[in-house]
Amino acid sequence: MVILPAALSSLQAQLLDAANKFATDAQPVSELLEAIVNDVARASAEPLEIFPVCHHSPSSALQMVQRLHRKPPKAIYIELCEDLLRTVEDLKDCKLPVALQAFAAESEAFPPDLMPLSVVAPLTEASAEYQAIAYALQHLETQLVFVDRAVDFVFQWEHKQLENQEEENAPPFDEAKMHGTAVGVEIGKLEPTFDQFLAFLLRNSNTRHFAEWWDQYVEQAIIGADYKTYRQVMFLIGSLMRRLGRKDKDVECDRLREKYMWTRIKQHMAANKIAPDEAIHICGAAHTASDVEEFGLANDTIWEIPERTSTQLLYGLIPSSFAAIEYQFNHPAGTVSLAESTWKKSLSVAQIKPFTLDKSSKKQTKSPLSKGGRGDRNEAEDALISFLTRPPELAVADTEQLLHWCAEIVALARKNGYLASTADSIAIYQTSILLANMRNRVHPTPYDFQDAAITCLEKDRTPKKRNIQQLCQILLGGDRIGTVGYESLPPLAQNVYDRLAPLNVNLLAKTNQRALMDFKQQPELLPCSHVLWRLNYLLGNTLVQPIMGERTLGFKPIQESWEIRIGKYQRDIIMLGYEGVTIEQVLEQRLKKAVFGAEARANTTLKAAEDSILYLNSPRLTQELGYHAISLLRQEMGAEDAPQIFERVRRLVHYYRATPTGLPDWIKQFVATGYSHYSTLLPQAFGDRGTSPEQIAGMLGFIFTLESLALSLGCNRSQLIIGVQQAGQVVHDPAKLGLLWTTEWLLKKRTLEEIRDFFEEVLANPMLATAFPDYLNGFILSLTFAPRIGKFVVELLSKLFASVPDAVLMPWLPSLILRLRPYGEILRTAESSSASLSLICEAAASFPSHLSEFDRWQAPWLEPVRVPTEETPKKELSEEETQVRQLVFNARTTTEAMAQLLGVEALTWDAEITPSSASAIDSSRRLSEDEAKVQALLQANPATREAIEVLLGVSG
């Protein structure tokens, strides 16, 4: 039985009297009101001072600063996960807001759907918990203790809710994604989870969000109250939300947490001999109405805390932002920035200095509060009654602030392309007051101002990037992004910062930084390039993005340009630090994880080996991955990855051949294994309908392109021949038939004449002509490993367009184009061989280069056409004509010279007629007596005869 003070008894009597007058059924209402008053009395009478707070409430932070200045405690117990305490020492090197984080990439104790495990507890300067943490770090005599359940229990107790939790809305911009998929924990969560109660509360208060209701009806009311009134009002609201606004499953989880917290508090106080009046317990207002047995120091009941799982958690700090906090806890945009502005204004009014953390922070020994200031604990017991019954105070400063907002929003609107004037400022001011009166408010709130500004200034179209709502948020405080200092970063992040220091860029800046590197002038920057490429491989283009430069096998960079956004996306590199000490270690771990996983294939493993060459330059790791790829290749029974494996292996072979060491053993073994493996799979691949022609082309490309290397390593070509022979018995697909015939042609098992005869029959048969694109498909794919077949493909296409009638050709011409479209690269350029020509080049070589040549052009695949000519009887020559003919044929040089002088084109000599044959013409004719004498004379004087032949130009 709780004994109520006189003041609370009077309050209880007034509430019960009101319930009897206005409630239709006074019994349940009276019981509720009586229980609420009892909760307030119980929490107020607790020997251990309970400080109730609300999440990111400026009034809670202000009261906390005043309380710590007034009476320094020896121990501060805070409702935060106890294992996050180890991270608070690093807050001195950070710029708020930041978040305490616990992270585990994997765990066998929790469902895979929850992986990775991540919990964040964001902190802002305008929060009571941060003020208490800053005070404890500045005053070493004060012990700081986190007493809430460990992070492991967050997933043990709430994993079912986390599994069923769905994202209703995606983050509006990048700043809202800074917490990633982490689970947010907050101290002092008061937002009702009972939907009907929340809807009733908002409807009757003319507000849209709980944050707006809290700011209007609680925050503004208690921010200037004395300490005792603040506590009692927070106890009252916490009890109301606990009894009406929470679902049963949420209350059960709260009870477990309260058992945990009070057990830890009692254990710590007993171990360190701390008196109840020397400590303070900071917790959410809803926990002050707890009904667990462990509540309070009046009893020694301690809960037996269950065992944690074997999950290995890592701890650290990550940058946060106002937008990320609002998105994490479902607050409307601008809530945290409004709380921050209210906090700063309250500090100015109260003339107190908050507790802050930085490297130059020194221990504070004097309290800035004057003696007898607000917050004396010996105040009248009727503080709560007087607070609830007094009329609201008028705030003159708020009117001046409203005028300032109205003038500034018009100025911002002008800068962003809106047509606004002084009249709009007046209209916004009057509309704000009108909206406040309609909503039963004494003074316009920031929410009323936003609605008035949107009503008066917003247009149908946003002139520039920002609309009026965004401008209002900027005016009221805007977003703020925190930064984790260098000394608070994990070792990996510090290592990256150190290695990128030669670039002379500000890695902590929130804007994009451009790095230009000329390795001829500054070769010392090449290690920085390696770091940037590794970060780009691990995190993509978010953190660092190459503008100029590439990373390929055997390529030596000359110049590079990078966009660096490490400061803007600092969380990504911090999260990377949970995986290892250096980026090289993380990269190796990720490669091995992808390679040795259950879903690993030969292609992915080979890709990992190539990536290890590009980014790690570790022959040991590359060899390990390469041999594992060989074992995976032996286990594969299909050809799904054959094209990718072929391209990758060919690229690796070319790379290693250009190195001084040559081909390593693992790549040689991979080529030999792949040659035998794919040769064996050929019959199955040709007969299986699930194996596409592209995959078979990849297998054949591997076999024929790397055949010379495979044969030199001991492979036998007979295995390939047997496989091709068996494949010929099972193939039925026309596209695969083209691949098979090309293979047989390369193996000299089939001639082009046989293939040409078959296609002539196809083109002559209208029923078979419709399947021509399928046949052509296989030959086009064959260009990747048999570029010489390109001439035959040109021949087939030419015959198609020349012989098929338009009535047959036109209907399936679109099908032909669609079949050829995926092979654009093959048709334009042949990458399979350096000596190969593209199909277009083959066509250009076959067809005439000028239009005028088409009349005499004949297709090279056609036999020369011989025009038959009638034989004409030979004319008998006279004696003089015979002598002239003999002279002309015996003196060809002289004859050609005379023909050139006469302008006659080059003479064509009959190959069948030689000078000896020409001299033998009409040799049967008997010589005359004079001719016989001349002949005898010439034979008797050979020297004279030779001189005459020289004069006549006769050779021989």
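# A salt bridge across the chain

The side chains of E82 and R308 form a salt bridge with an N to O distance of 2.8 Å; a salt bridge is defined as a side-chain nitrogen of Lys or Arg within 4 Å of a carboxyl oxygen of Asp or Glu. This pair links distant parts of the chain, 226 residues apart: E82 is in the loop between strand 2 (75–81) and strand 3 (94–95), and R308 is in the loop between strand 8 (279–284) and strand 9 (314–319). Strands (E, at least two residues) and helices (H or I, at least four) are DSSP runs, numbered from the N terminus.

The structure is a predicted model, in which local features need pLDDT of at least 70 and side-chain atom pairs count only at pLDDT 80 or more, while totals for chains, interfaces and linings use all residues. Residues are numbered from 1 along each chain as its sequence is written, and side-chain values use heavy atoms, with hydrogens and water left out.

# Exposure of the two partners

E82 is buried, because its relative accessible area is 15%, whereas R308 counts as partly exposed at 41% relative accessibility. Buried means under 20% relative accessible area, exposed means over 50%, and partly exposed lies in between (1.4 Å probe, protein chains only).

# Further salt bridges

A search of the whole structure finds 39 salt bridges. In one of them, R650 joins E647, and the closest N and O atoms are 2.4 Å apart. Both R650 and E647 belong to helix 23 (residues 642–657), where they are 3 residues apart, about one turn of the helix. R650 has a relative accessible area of 8% and is therefore buried; E647, at 32% relative accessibility, is partly exposed. Elsewhere, salt bridges that share partners join R208, E212, R439, D448 and D451 into one network.

E212 is buried, with a relative accessible area of 1%, while R208 is partly exposed, with 45%.

The whole structure contains 28 aromatic pairs according to a search. One of these is F759 with F792, an edge-to-face pair with 6.3 Å centre to centre and 65° between the planes. F759 lies in helix 29 and F792 in helix 32 (residues 790–803), so the pair ties together parts that are 33 residues apart in sequence. Rings of Phe, Tyr and Trp (its six-membered ring) pair if their centres lie within 6.5 Å; planes under 30 degrees apart count as stacked, over 60 as edge-to-face and the rest as tilted.

Both F759 and F792 are buried. They also belong to one aromatic cluster, formed by W741, F758, F759, Y775, F779 and F792.

# A negative surface patch

On the surface, E753, E754, D757 and E761 gather in a patch of negative charge. Patches consist of residues with over 30% relative accessible area and no salt bridge, with like charges joined within 9 Å and nonpolar side chains (Val, Leu, Ile, Met, Phe, Trp, Tyr) within 5 Å. D757 is located in helix 29 (residues 752–764) and is partly exposed, with a relative accessible area of 43%.

# Helix 6 and residue L244

Q196 is part of helix 6 (residues 195–205). At 61% relative accessibility, Q196 is exposed. Q196 and L244 are separated by 48 residues in sequence and by 9.7 Å in space, C-alpha to C-alpha.

Methods. Areas by Shrake-Rupley, 256 points an atom, 1.4 Å probe, with all protein chains shown as cover. Lys, Arg positive; Asp, Glu negative; His and termini not counted. Charge placed at Lys NZ, Arg CZ, Asp CG, Glu CD.
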